[in-house]
Amino acid sequence: MISDVLDDTKEKMEKALEHAHEEFGNIRTGRANPALFTKLLVDYYGTPTPLGQLASLQQPEARMLVITPYDKGALKDIEKAIVAAQHLGVTPSNEGQVIRVTMPELTKERRQEYVKIARDKAEEARVAVRNIRRKGMTDLSALESEFGEDEVGRAEKELDKITKGFVDRVDEAFKNKEADLLEV
């Protein structure tokens, strides 16, 4: 029972960390990252569809992305969706068969704004991990009558160690993203 609670807590914390990585991937850097575009919704025959399902995304150069739609009829819809996504700040170039997107250089101020966004996402991830820890502690406390105070106390220390490990991993992911954003 106690190991089930710890395993369940670890699994939820892993998902929270995974979500944080996804959120960091959506923050733009000076480089063209296909992850920025894969979740972009394209109006495909009246249905909002993620770009990642409509096209292959390749990065031939550091700041360039080539989007090759599986259905050439979706080319204009993809182009419209990219133009409409103002948070990306890019202008697509439709070449008939593919769309080329060149990422412009980021200004120093813009980089600082993105670092703030990344810091907020990291804090959200830490809060999520702590909330999962709190739920785990509640579940362990409920088992105290069945397993005894000492056994549950050891499990709570183990849970604290697990929580610290995940918070450290969130911090490390944030530091990597910050370094990526500030790299000129």
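Two strands count as paired if DSSP finds at least two bridges between them, where strands (E, at least two residues) and helices (H or I, at least four) are DSSP runs numbered from the N terminus. On that basis, strand 4 and strand 6 (residues 99-102) run antiparallel and are joined by 4 bridges, with valine 66 standing opposite arginine 100 in strand 6. This is a predicted model, so to speak of local features takes a pLDDT of at least 70 and side-chain atom pairs count only at pLDDT 80 or more, while totals for chains, interfaces and linings use all residues. Residues are numbered from 1 along each chain as its sequence is written, and side-chain values use heavy atoms, leaving out hydrogens and water.

Strand 4 also pairs with strand 3 (residues 55-61), again in the antiparallel sense, this time over 5 bridges. Here serine 56 has threonine 68 of strand 4 as its bridge partner, and a hairpin of 2 residues takes the chain from strand 3 to strand 4.

Valine 42 finds its bridge partner in threonine 49 of strand 2. There are 2 residues between the strands of this hairpin, and tyrosine 45 takes a positive phi near 50 degrees there. Tyrosine 45 is exposed, at 66% relative accessibility, whereas tyrosine 44 is partly exposed at 21%.

A search of the whole structure turns up 1 aromatic pair. It is made by tyrosine 44 and tyrosine 45, whose ring centres are 4.7 Å apart with planes at 65 degrees, so the pair is edge-to-face. (Rings of Phe, Tyr and Trp, the last by its six-membered ring, pair if their centres lie within 6.5 Å; planes under 30 degrees apart are stacked, over 60 edge-to-face and the rest tilted.)

Then there are the helices. Helix 1 and helix 5 (residues 108-142) pack at about 170 degrees, with axes 10 Å apart; axes are lines fitted to C-alpha atoms over the stretch in contact, and angles run from 0 to 180 degrees between N-to-C directions. That makes the two helices roughly antiparallel (over 145 degrees; under 35 is roughly parallel, 65 to 115 roughly perpendicular, the rest oblique).

Methods. Buried means under 20% relative accessible area, exposed over 50%, partly exposed in between (1.4 Å probe, protein chains only).
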